[in-house]
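Work through these exercises with the model open. Try each task before reading its solution.

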Amino acid sequence: MTETNFGEKTRVLVVGGTGSLGRRIVSACLAEGHETYVLQRPEIGVDLEKVQLLLSFKRLGAHLVEGSFSDHQSLVSAVKQVDVVVSAMSGVHFRTHNIPVQLKLVEAIKEAGSVKRFLPSEFGMDPSRMGHAMPPGSETFEQKMEVRNAIEAAGIPHTYLVGACFAAYFGGNLSQMGTLVPPKKRVDIYGDGNVKVIFVDEDDMAKYTAKTLNDPRTMNKTVYVRPADNILTHLELVQIWEKLTGKVLEKTYVSAHDFLADIEEKEIAHQAGLGHFYHIYYEGCLTDHEVRDDEEASKLYPDVKYTRMDEYLKIFL
C-alpha cells in the first residue's frame with residue numbers, strides 16, 4: 001500500500017456521511033477538492049432527511065456508493081473505488097452507538113488491499129489514554145481500541161484524529177448537561193473550574209480531517225486537535241459568555257464527590273455521559289499530556305482559520 005502525495009487530490013469514501021460530523025466531513029472533503037464518495041446504506045429506508053442530504057451531496061459533486069454492513073462484498077466493492085476511507089460512525093450512548101460496526105469495515109479494507117489510508121471514528125478523547133475510564137462510558141474507549149488493534153493487525157495505513165470536545169455538545173451550553181444552549185441565570189462549575197479543556201467547532205474538525213487524510217506527515221500517527229485559543233478552563237468559557245452578554249451567572253461549584261454521588265441511579269447513557277464529563281473536567285484527560293507541534297492539527301494546518309469560542313458563542317446572543 002503506497003501513500004498519496006500530499007497536495008494531490010484523492011478519492012475519499014466517507015462512511016456515516018449523514019451524521020452530525022459526517023456531513024461536515026463530506027462538505028470539507030468537497031471543499032478541499034477531493035473526489036468524494038459517500039456510503040449510501042439500504043438501511044436508510046424512508047428516512048427522508050438522510051435521503052435528501054445524500055442527494056444534496058450529489059448535487060455538490062459527491063458520488064453515492066451503495067453498501068451495507070450486512071453485505072461484506074458490497075463494502076469491499078465500495079472501498080475498492082477509493083484511496084482513503086473516513087469513518088464518522090456515532091459513538092455516543094444517547095444516540096446510535098456504532099463503533100464496533102467498523103470492524104466490518106476493517107475486514108472489507110483488508111480484503112480490498114488497495115486503500116492507502118483509513119481514519120476510524122475517533123475525534124474525541126484519545127482512547128489509548130483512557131484505560132482507567134469508569135464504566136459504562138469506558139465501553140466507548142475499549143471499542144475504539146479494538147478497532148485500532150484490528151487496523152494495525154491488518155497492516156492498514158491509518159491516522160487517528162483526537163483530542164477535543166465538540167463545541168455543539170460542550171461549548172454552546174457552557175458545558176451543562178441536558179441542554180445544548182447557554183443557561184440564562186445559573187451555571188454548574190465542575191470542581192474549581194480551573195482544569196484546562198479543549199473545544200473545537202465540528203466544522204473545523206471536519207476541515208482538519210480533510211487536510212489530514214492524504215498528508216504523509218500524519219501517516220500511522222495520532223493527530224491531536226488543540227487550537228491554542230480554544231484551550232480554556234470551564235470558568236474561562238463561562239466568562240467569555242458573561243462578557244458577551246454583560247450578565248454574570250450565578251455559579252454553583254460541584255465537587256467530584258457530588259458530581260458522581262448518584263451516578264448508579266441514572267440510566268446507562270447518562271452514566272456514560274457523567275463518566276466522560278468527569279474525566280474531562282475533573283481529571284483533565286484532554287490536557288494532562290504534552291503534544292508536539294508536528295502532532296497538533298492547528299500547527300500542521302495553520303491555513304485553517306478555526307473558530308474561537310467567543311465567535312462560536314455569539315450565535316446564541
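Predicted model: local features only at pLDDT ≥ 70, side-chain atom pairs only at ≥ 80, totals over all residues.

Residues are numbered from 1 along each chain as its sequence is written, and side-chain values use heavy atoms, with hydrogens and water left out.

**Exercise 1. Determine the strand order of the five-strand sheet, then find its edges.**

Step 1. Strands are DSSP runs (E, at least two residues), numbered from the N terminus; helices are runs of H or I with at least four residues. Two strands pair if DSSP finds at least two bridges between them.

Step 2. The order reads 3-2-1-4-5 in an open sheet, with parallel pairing.

Step 3. Strand 3 (63–66) and strand 5 (117–119) are the edges; each has a single partner strand, so one side of each lacks a neighbour in the sheet.

Step 4. On average, neighbouring strands here are turned by 25° against each other, direction ignored.

Step 5. Check one pair. Strand 4 (residues 84–87) runs parallel to strand 5 and is joined to it by three bridges. Arg117 in strand 5 stands opposite Val84.

**Exercise 2. Describe the three-strand sheet and the helix that packs on it.**

Step 1. This open sheet has the order 7-9-11 and mixed pairing.

Step 2. Strand 7 (165–166) and strand 11 (231–233) take the edges; each has a single partner strand, so one side of each is left without a neighbour in the sheet.

Step 3. Three bridges link strand 9 (residues 196–200) with strand 11 in the antiparallel sense. Val197 has Leu232 in strand 11 as its bridge partner.

Step 4. Helix 8 (residues 234–245) packs on the sheet and touches strand 9 and strand 11. Contact means heavy atoms within 4.5 Å. The helix 8 direction makes about 90° with that of strand 11.

**Exercise 3. Classify the packing of helix 4 against helix 5.**

Step 1. Two packed helices are described by the angle between their axes and the distance between the axes. Axes are lines fitted to C-alpha atoms, for helices over the stretch in contact, and angles run from 0 to 180 degrees between N-to-C directions.

Step 2. Helix 4 (residues 102–112) and helix 5 (residues 138–153) pack at about 5°, with axes 10 Å apart.

Step 3. That makes helix 4 roughly parallel to helix 5, a class for angles under 35 degrees.

Step 4. Gln102, Leu103 and Val106 in helix 4 meet Glu146, Val147, Ala150 and Ile151 in helix 5.

**Exercise 4. Find the largest cavity and its lining.**

Step 1. On a 1 Å grid over the protein atoms alone, a cavity is a set of points where a 1.4 Å probe fits but cannot get out; lining residues have an atom within 4 Å of a point. Grid points are joined across faces, edges and corners, and a volume is the space filled by probe spheres set on the points.

Step 2. The largest cavity has a volume of about 50 Å³.

Step 3. Its lining consists of Asp126, Arg129, Met130, Gly163, Tyr224, Cys285, Leu286 and His289.

Technical notes: 1 Å grid on protein atoms, 1.4 Å probe; cavity = no way out; pocket = protein on both sides within 12 Å on 5 of 7 lines; lining within 4 Å. Parallel < 35°, antiparallel > 145°, perpendicular 65-115°, else oblique.
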